[in-house]
Amino acid sequence: MSDTVLFWFKRDLRVQDNPALALAAKRGQPLLPLYIVEPELWAQSDASARQWRFVSESLADLQIQLAGLGAPMLLRVGEAVGVLSNLRRIYGVTEIVSHEETGNAWSFKRDRTVAGWARGAGVRWTEVPQMGVQRRLASRDGWAAARDKVLRTPALPAPKGLNGIAADSDQLPDARALGLGFDPCPERQRGGRAEALSLLGGFLTVRGRDYRRAMSSPVEGETACSRLSPHLAFGTLSVREAAQAGRARKAETTNTRDGWAASMKSFESRLAWRDHFMQKLEDEPALESRCLHPDYEGLRPRVPDATRLEAWSAGETGLPFVDACMRYLIHTGWLNFRMRSMLVAVASYHLWLDWRATGPVLARRFTDYEPGIHWSQMQMQSGTTGMNTVRIYNPVKQGHDQDPTGAFTRRWVPELADVPDALLQEPWLWEGADRVLGGRYPAPIVDVKAAAAAARDRVWAVRRQPGFAETAAKVIDKHASRKDRAGRFVNDRVPRRKSGDGRQMSLDL
Ligand SMILES: Cc1cc2nc3c(=O)[nH]c(=O)nc-3n(C[C@H](O)[C@H](O)[C@H](O)COP(=O)(O)OP(=O)(O)OC[C@H]3O[C@@H](n4cnc5c(N)ncnc54)[C@H](O)[C@@H]3O)c2cc1C
């Protein structure tokens, strides 16, 4: 067999609206769809069993769909270059087609190695842009318009049939075989295309009406948010399919005044944020490991306080709403945006932990881990970008605002059953604290107000350094979204003054 085109599935586990697969099918040559289970990828500190289980369910579903199209998927466990060179020999592969992956540092390095091997072996590797993210972007000017153009192009149907070849597949390994640690997540979201479509349908017909109003509440957000994130992260649904469905729903509901149109507008903008944040990692892969604004290097100790890190990771800080959110995340693999921001703010400001220590903990717990969003957000919520408002959330106030009845906090921190409602978010003020809680629930790990004020002073000290604003301006030029036609900044809260966000600080007292 010769002139085989190998299609390498990565984070695009679907046959519908998959431009790279459509291109591979158009070649008209024998097609070998492949997924490589790379043990080294799953051994990275950001990978977890919950993510792998979601991926393996999606792969099992994809195998069925591909078989129906006449091109059964080949599954190989191993290291990419070894697998690809072996398949090249057996099947006469002359071209590899895949999407452009915006992954973590490990996958970035792997792709460079594969590219080098392909060049040396005379195999053409065609990488097709994924939707809104643009490779080798020279400037952010015009980025949003180019992204919108791609998102408005009609989504592609699944290929009608594929000229597949029969190949012997490995079995899908389980999480233990990949060396992934114990990771119970009883309410984890399920993988697969049917799950993605069912979520999208439910969101657009019932759940999404209150999206704008309810998304920030951990209680209502569970149903009011789309919950599409793991599907978008691993590609069982394309961002274009989601955006076009949302836009169609917005058009249908424009005159109804019942919340739908506003909610669909917010949904559309969140999908744009997704591409916007992923573009940052695409443009600067080092942002996974280095502060975007270099003056923030050294702000927090690189070796974290182990007791604080452990308490925060386990949901044992003694700050009820923080612990409730962390425990909920451990149990479900998901958390809404506001609460993710708060968890990071508390870790980075109140507990003074470096984002490179806390980021992998959260990444492993997110079934929807998407490196481009995750690391950009970790830095943004830790105040190390130099281009965003520094937001120090007060976890007590957030508890009152987002969980006014206390039901969420009580469910996830049952140790607080006896604490009166009025003191639920500050049980240390309750007269029974020592007697009833002693030994059952920890005292607060920090004094919330004092810790926030100390953090603010330390961040200010960096901002006052000479040259800070000039460097911030460069970061803004490279990464900030530009004004839209109405003159509003989109995505980043970029300050209007030239000097970067050197004056912007929000303390949530
Ligand atoms: C520290 C931190 C880490 C995060 N890590 C991830 C991550 O690894 N993977 C991930 O998908 N999201 C991440 N987010 C963004 C956001 O919290 C989730 O996308 C959202 O909660 C997922 O739920 P949903 O699908 O119901 O979102 P919806 O509110 O329904 O939004 C629809 C989609 O828009 C995108 N989106 C929504 N909010 C954001 C945002 N603030 N920034 C970028 N894209 C957004 C997501 O793809 C999401 O699925 C992170 C946020 C923070 C603060």
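**Close-up views of a predicted model**

View 1. Remember as you look that the model is predicted. Of the 27 residues around the ligand, the ones that come nearest are C225, S226, S229, H374 and Q377. Which helices each supply at least two residues of the shell? They are α10 (229–234), α12 (260–283), α15 (337–350) and α17 (371–382). Domain 2 (193–283) and domain 3 (287–507) each contribute at least three residues to the shell around the ligand.

**View 2. Domain 1 touches domain 3.** The protein chain is divided into three parts: domain 1 (4–130), domain 2 (193–283) and domain 3 (287–507). Between the C-alpha centres of domain 1 and domain 3 there are 36 Å. Their contact takes 11 residues from domain 1 and 10 residues from domain 3. On the domain 1 side, helix α3 (residues 49–68) gives the most, with 3 residues. That side of domain 1 divides into 3 nonpolar, 6 polar and 2 charged residues.

**View 3. H231 sits in helix α10.** Is H231 buried or exposed? H231 counts as buried because 30 other C-beta atoms lie within 10 Å, and the cut-off for buried is 20 or more. Setting aside neighbours within four places in sequence, H231 is in contact with A196, L199, T236 and L237. Now find R190: H231 and R190 are 41 residues apart in sequence, and their C-alpha atoms are 9.2 Å apart in space.

Definitions and conventions: Residues numbered from 1 in each chain as written. Predicted model: local features only at pLDDT ≥ 70, side-chain atom pairs only at ≥ 80, totals over all residues. Domains from an automatic or database assignment. Contact = placed C-beta atoms within 7 Å. Helix = DSSP H or I, 4+ residues; strand = E, 2+ residues; numbered from the N terminus. Nonpolar A, V, L, I, M, F, W, Y, C, P; charged D, E, K, R; others polar. Near = placed C-beta within 6 Å. Buried ≥ 20, exposed ≤ 12 C-beta atoms within 10 Å, placed from the backbone.
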